[in-house]
Structure formats: C-alpha cells, structure tokens
Amino acid sequence: METTTNILYLFGGVVAVLSALTVVGEALRGRVGPGRTNPVVQTFLTRLMSWWIMVILFTITALLGPVALMLLFAFASFAALREFLTFTDKRQADHLSLALAFFVILPLQYVFVGYDLTGLFTVFIPVYAFLLLPIVSALRGDHNRFLSRVAETQWALMICVYCISHVPALLNTKPEGDSGQTVLLIVFFVMVVQIGDLMEYFAGRRFGKRRIAPSLSPKTLEGMATGIACAAATGALLSWITPFGIGAAAAMAALASVTGMFGNLVFAAIKRDKGVKDWSHLIPGQGGFLDQLDSAIFAAPVFYHVTLLMSG
Amino acid sequence: MTRKTPLYRWIAARFTGHLLAFTARFITAVRAEWRGIEPVDKQRVYFANHVSNADMPMIWTVLPHHMRAKTRPVAAADYWLKNKLRAFVGPEVFNCVLVDRRPDARTDDPMAAIRDALNEGSSLIIFPEGNRNMTDDPLLPFRAGLYNMGKSHPHVDLVPTWVANLTTIMPKGEVIPLPLICTVTFGAPLHVGENEDKDVFLERAADALVALAPERDL
C-alpha cells in the first residue's frame, strides 16, 4: 500500500515536470506561427510525447508489481537484442545460435531472475551461453570471421540481456526484508540515471568546453560533472524511497549516473564503428530501445552489486 | 472484389490482414524508408528484390492503409491456389493479381491480368527477377514484364523497392526466423524513356534497385 502511494507521489512529480515542458513546447510552437514548423521544436515535442508514453507505461507496470516489471524488462531486452544483432557480424552458420539467444537464453535469464536464482542468473550468460553458442556455430563448420562473429553475439547477449536483467534483479535485493521497497529502488535507479543524462545534455550544450572523447561524442567534462551532481542531488532528495541514508543515496545515484554516462560513450563508439546513427526508429524522436537504454544498461549491474554489498 | 465475396469472408480477410501485419511488425519491427517517394496515393508499380516468401508481406505491411487498399501484389497462381488456405490468403487477404507461371499449362496471356489491374488504377507489387534469388549476387537478371508495364502505362511510376535483411532473418533451409529488424526502402521513381531499349531500361532499373541496398546485404 505504502509502495503504491509512493509511486503515485513520484508519478505526480514527473507529470508536473512533463506538463510544464509540454506547455513550454506548445508555446514555442505557437510562436512559430500557423502552417509553419520549426524542426527543433518539433523534435522537442516528439521526444516529449515519447517521454509521456514511457513514464505512463513504466508507472503502470511499477504499480502492477514484480511480474509486470519482469515482463517489461524482458520485452526491452528482446527489442534491444533485435536492434543489436541486426548490425553484428554473422553468417548463416550462426543462425541456430542466434535463434537460441532470442528464444531460449533470453527467456531463461528472466526466469532465473524472476525466481531469484542468484547463483544461476549471474553466471548463466557469461559462462554457459558463452561456451555453448560458439559450439553450436562451430558445428556448422564455417570458420570465416569466426572469432568476430562469436564475440559480437556474446557482446549482444551481455549488453541486451545480462545487463538489462539486472534492473528487475533489484527486486531480489530485499533490503531489511521489505519486498515492496524494491520496486521503488527500480524507480529510484531509472529516475537518477535519466535525470543525470538529461542534465548532462543540457549543461554540456550550454557551457560545456572540454570534450572527453572529441571524435566520438559531444560529451564534455563540465556537462558530465553537472549531470552527476544533479543525479546525486536527486538521489539525496529521493533517499526516503530507498533503503539508503541521504549520503549513501546520493553516492549511489552518482555512481549509477557516472557508469551510465560512460556506457553511453561506449555505445557511441559501437554505433560509430557500425556506421549507424540510431539503432532503430521504434521510439519516435529518440531512436531505438538501445538509444534509450544505453546508460541504464551499463549502470544496472554495478548498481545491483553495490546495493547487495551495502545491504550485506 | 468486395462485392463478389460474402461479407463474412471479407471481414475475415481484413482481420487476417491486420493480424499478419501485426505479426510482421512484432517479429521484425519492419519499417519503411521513403527515400525517393512520399507515402501518398499515386498509381505505382513497386518492383522489389525477391529472396524469400516474406518479401511481399513485408512491403504490404509497411504501406499505409490508404495505399494498401489500392495496391495488389502480382503473384504466382500455382503457389497461391495450391490449397484452400493459400487461396484465401493470396487472392482475398492480399488481393493478389494471380499470374500463371507455367507456359505449357496457361491458356490466356499472363500479362492480361496485370494490364487489367493497371487499367483499373491499382498499384502493383512485382518481383521482376521472377524467382527467388538463391545466389550470392544481389539480383538475378530482370524479366521483361517491368519494361512492358512501363511501356503500356507510361504515367505509372515504377518505384524500386529494396527489402533489406531478409536473407539473414530467414536464410534458405532454416526453420526458425530470427527477429531482426527489416527495412523496406522506396527509391526514386523510374519511367521508360521514349526510345529506350528494353535491356538498357532493365539494367537501369536493376541498378536503381541495388543502389538502395545497405552494405551488409551485398
């Protein structure tokens, strides 16, 4: 009951922010004048619309509880894996191992997470899938670019299934024996990572100077520092929904935010290598699921394990 | 078409159509890229590469409803009339123009049905390679049909349409399709030049089609 109320409070807060942004966006569109469009304003409004849908969808799943969250993230994994494997190196010899990745390994990973089989879900992909899939590919007898095919498939599984599954795995951390609290921990995680990213983007655009990897990404030191600080502040403000104290919540938020930003940088390198700007076009204005999730993907396993250590 | 079939069959056909489009979208997240044309109501012949039986449903799925209703895939009669289910899906769900591929068995001119469809204002989806391409080359040599359509209906836009990635989604000999992202790219429309030779035109059309293919398909 308390969890539901807290989720609704947070939802109300986010709705207030989105409503304010929507009013600003519509006002800007009004200024452009009827019959004409400004591409920047249009992009902003399209993105905002996607945000509304994502926030509402996420709130509904959070209210429905653990099973719904598990299914939501399993679907996110599926969509992300589909985007990633579309661009990886593969040959027909990999067909069966790729089918196994989609239809066996992905569902099993979420079953293991769902039943809290920690000893299994933390090693299933890095050990068993890692060893099994190359065997399946090798049995077809095609050695062309074998190592790169196998490595890229394994990366796809680690990123899209293993890492993403660590978000719903937070449900299993059960700090102080309260299982309702853990849904809020996911809400906390998602909010601080997203706010850190948004502030990093805006601050970087306004006063960012020193780029951290000029050939890859427009990320700047100033932008990142602002983003991490904002994430930490949000974390401190939201500490009441977490099992952490104020200081620890801020530190966890900063940790999630900084790993997320570097994850975003790694994805920029992958996209540049594969010659893609966006992974897909499924989320209007934002690109694909992977474009939306890249920060959370890197942050999730670290956040999960540090949470486990802290609740020791 | 709608007047000849009973209402319940018509409803079943529309429902099946939506279900197929939804399935195609769910599995391959199929998406249209309107590179050379706009998604507007205009009479066109979409000519596409052919690597699997899923090509035609993919193109059909990405067409917006108002275009889909007026677009008829040209398909082989021997395939779509083989059993009752196919005879329902081909002619009624996809509203196919059926053409007999077997020269020895057919009675009337195979182009006649196509000409009729063009005359009544329908757009068409055709696969000018004739058969599924099982080779490593991006395209097989085109048959003459595309040229003849361009000659007899010069006002109709001939639109090159590349279906990307289907060879990896469902390679020949595999049973399980991979849910990878499929893109259908529509290029700039072509027309047969006034004195253009058949082979010259067909080569130009093939080049325009291959030019739409992403690197990983070649």
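What share of the contacts in chain A with a separation of 6 or more comes from residues 24 or more positions apart? Such residues account for 69% of those contacts, a figure that belongs to a predicted model, as does everything described below.

## Chain A: helices and overall form

The secondary structure of chain A comes to eleven helices and zero strands, so that, read from the N terminus, its elements run α-α-α-α-α-α-α-α-α-α-α. The radius of gyration of chain A is 20 Å, close to the 20 Å that the globule rule gives for 312 residues, and chain A is therefore as compact as a globular protein of that length. Taken along the principal axes, the C-alpha atoms of this chain fill a box of roughly 65 × 50 × 35 Å, and buried residues make up 42% of the 312 residues in chain A.

The domain assignment divides chain A into domain 1 (1-64), domain 2 (68-165) and domain 3 (176-312). Between the centres of domain 1 of chain A and domain 2 of chain A, taken over C-alpha atoms, there is a separation of 34 Å.

A:Val67 is part of helix α3 of chain A, which covers residues 66-87. Is A:Val67 buried or exposed? A:Val67 counts as exposed because it has 12 C-beta neighbours inside 10 Å, and a residue is called exposed when that number is 12 or fewer. A:Ser217 stands 150 residues away from A:Val67 along the chain, and the C-alpha atoms of these two residues are separated by 37 Å.

## Chain B: helices, strands and overall form

Chain B contains nine helices and seven strands. A compact globule with 218 residues would have a radius of gyration near 17 Å, and because chain B has 17 Å, the two values agree. Along its principal axes the C-alpha trace of chain B spans about 50 × 40 × 40 Å. Buried residues make up 36% of the 218 residues in chain B, while residues 24 or more positions apart account for 69% of the contacts in chain B with a separation of 6 or more.

## Strand β5 of chain B and its partners

Strand β5 of chain B covers residues 123-126, with B:Ser123 and B:Ile125 pointing one way and B:Leu124 and B:Ile126 the other way, and all of them are buried. Strand β2 of chain B (residues 44-48) runs parallel to β5(B) and is joined to it by three bridges; in this pairing B:Tyr46 stands opposite B:Ile125. Strand β3 of chain B (residues 71-76) is likewise joined to β5(B) by three bridges and runs parallel to it, with B:Thr71 standing opposite B:Ser123.

## The nonpolar core and the contact between chains

Which residues touch the most other members of the largest nonpolar core? Of its 133 residues, they are A:Ala80, A:Leu81, A:Ile164, A:Phe189, B:Ile59 and B:Ala205. This core draws at least three residues from each of domain 2 (68-165) and domain 3 (176-312) of chain A. For B:Ala205, when its neighbours within four places in sequence are left aside, the residues in contact are B:Phe47, B:Phe142, B:Leu146, B:Leu158, B:Pro160 and B:Leu190.

Where chain A and chain B meet, the contact takes 13 residues from chain A and eleven residues from chain B. On the side of chain B that touches chain A, the residues divide into seven nonpolar, two polar and two charged.

Terms used: Residues are numbered from 1 along each chain as its sequence is written. Chains are lettered from A and ligands numbered from 1 in the order in which they are written. This is a predicted model: local features need pLDDT of at least 70, side-chain atom pairs count only at pLDDT 80 or more; totals for chains, interfaces and linings use all residues. Two residues are in contact if their C-beta atoms, placed from the backbone, lie within 7 Å. Ala, Val, Leu, Ile, Met, Phe, Trp, Tyr, Cys and Pro count as nonpolar, Asp, Glu, Lys and Arg as charged, and the others, Gly among them, as polar. Domain bounds come from an automatic or database domain assignment. Helices (H or I, at least four residues) and strands (E, at least two) are DSSP runs, numbered from the N terminus. The radius of gyration is taken over C-alpha atoms; the globule rule is 2.2 Å times the number of residues to the power 0.38. A residue is buried if 20 or more other C-beta atoms lie within 10 Å of its own, exposed if 12 or fewer, and partly exposed in between; C-beta atoms are placed from the backbone. A nonpolar core is a set of buried Ala, Val, Leu, Ile, Met, Phe, Trp, Tyr and Cys residues joined through C-beta atoms within 7 Å. Two strands pair if DSSP finds at least two bridges between them.
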